Amino acid sequence: MESTLANAKKNTLSEPPTHNKYSVNGYRVDINNDADSHSILAKNALGSKRILDVGCGVGYIGRAIKENQNCIIHGIDIDSTALKYAKKYYDKTILMELGNKHNDAYLSFLKDRTTYDCIICGDIIEHLVDPGCIISVLAKKLSSGGKILISIPNIAYIDIIINLIDERFNYANTGILDNTHLRFWTESSFYEFIENVNNHYHTTLSPKLISKTSVHPSDLDTSYFQQVCGDEIFTFQNIFQVKKKDKPNVPHPHKKTNYHKIITSINTKDQIIANLEAQLAIKDKIIHDMELSLSWKITKPLRQANAAFRKHKK
């Protein structure tokens, strides 16, 4: 399967999946790798004694945590094949469809009073029909001082913006525009999302950005865009920590104008190119008119003789 970071060359949204996305390969989570969201989640979960891994897949994160500390860790996932591999790294695995009120396992999960010091949602909530409801449910599962760790793709990634300008929003089998993604966030819109959760579900959650991963596309002049917009334009994933507070604190960062700068800079580049092309066209016309002039035709034999003399002299 071709791996795509953002826009695909061809929109795959209508194409049915041909195989299970889970795979067991040589990939292992290194908690010291700050460029990998799974590693960041695992590292930030260390120190917690009871952990819930939501959407645990084949158990990459659970394995890394268990290799670095003794703890109780439970994993839930919608895929039974993935759980067959994950169960050796978790104290308990549950086959569950989050949010499906017709799913017996989910209904049991709602009634269960087990609490956790840390709940991990690694690239999960973007797949959910009602992520706000699920966040409110998970918040009730937190022990005192507990936290939810959430990693989500950044829809404000440069490849998305550049392609939108060119009218492309092509879903892919992987990446930010994974064709199973139902929801999209930026850093700022995630804060507003949590604020909406608080208002609608009467939770008291405080979100905090704890890390991010960045990818510099190889097919772009990244140094130019970095100079115009800064490093944030290359943010691929944002990783948040969400805690319950008596008085929730939701950040409201100033709205950025990076993308206005991008559009302006692109327009400026286009204008410079257009001006150069216009100047070349004028020079081409001057040369063309000169070649058609009578004096140019009369002096042609002299130029040819001069050229032959120079060649013979060499």
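Me: What makes two aromatic rings a pair?

Reply: Rings of Phe, Tyr and Trp (its six-membered ring) pair if their centres lie within 6.5 Å; planes under 30 degrees apart are stacked, over 60 edge-to-face, and the rest tilted. This is a predicted model, where local features need pLDDT of at least 70, side-chain atom pairs count only at pLDDT 80 or more, and totals for chains, interfaces and linings use all residues. Residues are numbered from 1 along each chain as its sequence is written, and side-chain values use heavy atoms, with hydrogens and water left out.

Me: Which residues do ring pairs link into a cluster?

Reply: The cluster joins Trp 185, Phe 190, Tyr 191, Phe 193 and Phe 240. By the pairing rule, the count is nine aromatic pairs.

Me: How is a pair of rings described?

Reply: By the distance of the centres and the angle of the planes. Take Phe 169 and Phe 184: their pair is edge-to-face, at 6.1 Å centre to centre and 75 degrees between the planes.

Me: And what is the geometry of Phe 190 and Phe 193?

Reply: That pair is tilted, with 5.8 Å centre to centre and 50 degrees between the planes. By contrast, Phe 169 is partly exposed at 27% relative accessibility, and Phe 184 is partly exposed at 28%.

Me: Where does the charged end of Lys 141 sit?

Reply: Over the ring of Phe 109, 4.4 Å from its centre. The rule asks for NZ of Lys or CZ of Arg within 6 Å of the ring centre and within 35 degrees of the ring normal.

How values were computed
Buried < 20%, exposed > 50% of the residue type's maximum accessible area, 1.4 Å probe, protein only.
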